[in-house]
Amino acid sequence: IPAKMLFDKNELVLPANSNITLRFKNPDEMPHNLVIIKNGSLEKVGKAADAMAAMKDGFEKNFVPNLSEVLFATPLVQPAQSYDLEFRTPPAGEYVFICSFPGHWNMMKGIIKFVEK
């Protein structure tokens, strides 16, 4: 949602164990990304992303921490741009999605429910 630091959806339901393409569109005035992480790892991943702000290559790494809790991620998507993230969905369960740009993850987050077909 432009100028709100929120995703337009806070819950997604997608098929488990499937090849999909998820299109992330950024209508905002600043860059954002979409990072899918393991449930229960929000604070760990978010704090690691925040710490990347002090790194010389934080932007180059799209503020996506190199942690096993990070499953899938888009690069930073510039304003008015989109990115197609192609991946094989994990097993059924609930996962979290965030924007890992430093300071955004506390507000820009939601749940993805991967369900059996």
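Author: A salt bridge is counted here when a side-chain nitrogen of Lys or Arg lies within 4 Å of a carboxyl oxygen of Asp or Glu. In this predicted model, Lys61 and Asp57 meet that rule, with their closest N and O atoms 3.2 Å apart. Lys61 has 41% relative accessibility and counts as partly exposed; Asp57, at 23%, is also partly exposed.

By this rule, the count comes to five salt bridges. Another of them joins Lys113 to Glu11, and here the closest N and O atoms are 3.5 Å apart. Because Lys113 belongs to strand β7 and Glu11 to strand β1, this pair ties together parts that are 102 residues apart in sequence. Lys113 is partly exposed at 27% relative accessibility, and Glu11 is partly exposed at 40%.

A further salt bridge is formed by Glu69 and Lys44, whose closest N and O atoms are 2.9 Å apart. This pair links distant parts of the chain, since Glu69 sits in the loop between α1 (42-51) and β4 (70-73) and Lys44 in helix α1, 25 residues away. Glu69 has a relative accessibility of 14%, and buried means under 20%, so Glu69 counts as buried. Lys44, at 47%, is partly exposed.

Key:
Residues numbered from 1 in each chain as written. Predicted model: local features only at pLDDT ≥ 70, side-chain atom pairs only at ≥ 80, totals over all residues. Heavy atoms only, no water. Helix = DSSP H or I, 4+ residues; strand = E, 2+ residues; numbered from the N terminus. Buried < 20%, exposed > 50% of the residue type's maximum accessible area, 1.4 Å probe, protein only.
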